[in-house]
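Have a look at the sequence and the fold before reading on.

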Amino acid sequence: AALAGCGSSDKLIMGTNAAFPPFEYTTSQGLVGEFDGIDVAIANKIAENVGKELQIEDMEFDGLVASVSTGKVDMVVAGMTATDERKQSVDFSDPYYVASQVIVVAPDNTDITSAEDLKNDKTVGVVLGYTGDNIVTNDLQLAEDKVTRANRGIDIVQDVKNGKLDAVVIDSATGKALAEKNGLKIVEDPQAFETEEYAIAVKKGNTELLDKINETLSEMKASGEIEQLAMEYDEK
Ligand code: ARG
């Protein structure tokens, strides 16, 4: 078995939470083992650039920052928004994707057309520890008994489908992917939801890896590869 956690091995270890299509998800024939997605493709390029084999550790989203700051994984590639709070614990690469939050509702829902409407006694699902959780809890300040926190977006989106929840607040690309798969609809509210930048996290002070990551990202941006990946995986 590979030496998991050994930064100096021939493996580059990526920590992620593979329940976030189109950035990372599991499939029977993925790019790396059973893993596929935009982030997996980017991480593969980074591994190539540092001359190592990519190894993926799938874990709860909530534990990712700790796992890279303690050196259990070399980098977190997880559609992770570079927030000020997280910047206290890890170093982030240059951003590689701009997202925002969206609201997922039933196709026939007419009373939720903005984030403000969620305050009207609506039951709202978020994923524990995602930026959407933070926004619903701290910015919108929804009543605690109206908020359901799940471990995976797919679970709460199912709850919108079966009528247990009125809405889910989640990242745009993932919200769109999950809504499409489940016959649900998306409500956007750019005024309430600021843009978020996804970036790759490394252990504080790991400039050697961070430089390689930024080099790979800038090459992939310049060649249009990232944009292409976003389009390609959007259609999957
Ligand atoms: N962008 C959001 C955040 O940083 C959600 C990321 C979820 N990523 C995942 N791989 N599950 O909080």
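## Ground rules

This is a predicted model, so to speak of a local feature takes pLDDT of at least 70, side-chain atom pairs count only at pLDDT 80 or more, and totals for chains, interfaces and linings use all residues. Residues are numbered from 1 along each chain as its sequence is written, and side-chain values use heavy atoms, with hydrogens and water left out.

Domain 1 puts 14 residues into the contact and domain 2 puts in eleven, where contact means heavy atoms within 4.5 Å.

How much area is buried between domain 1 and domain 2? About 1,100 Å², with carbon and sulfur atoms giving 54%; buried area is the accessible area (1.4 Å probe) that two parts lose on being put together, summed over both. On the side of domain 1 that touches domain 2, there are eight nonpolar, three polar and three charged residues. Here Ala, Val, Leu, Ile, Met, Phe, Trp, Tyr, Cys and Pro count as nonpolar, Asp, Glu, Lys and Arg as charged, and the others, Gly among them, as polar. Zero salt bridges are found across this interface, a salt bridge being a side-chain nitrogen of Lys or Arg within 4 Å of a carboxyl oxygen of Asp or Glu.

## A five-stranded sheet

An open sheet with mixed pairing runs in the order S5-S1-S6-S15-S7. Strands here are DSSP runs (E, at least two residues) and helices are runs of H or I (at least four), numbered from the N terminus; two strands pair if DSSP finds at least two bridges between them. The edges are S5 (53-58) and S7 (90-92), each pairing on one side only.

S7 and S15 (residues 201-203) run antiparallel, joined by three bridges. Asp91 stands opposite Val202 in S15.

## Asp91 again, in a salt bridge

Asp91 also forms a salt bridge with Lys204, with the closest N and O atoms 3.4 Å apart. Asp91 lies in S7 and Lys204 in the loop between S15 and helix H7 (207-222), so the pair ties together parts that are 113 residues apart in sequence.

Most residues other than glycine have a negative phi, and most peptide bonds are trans. Asp121, not a glycine, has a positive phi of about 65°. Pro21 and Pro22 are joined by a cis peptide bond, with omega about 5°.
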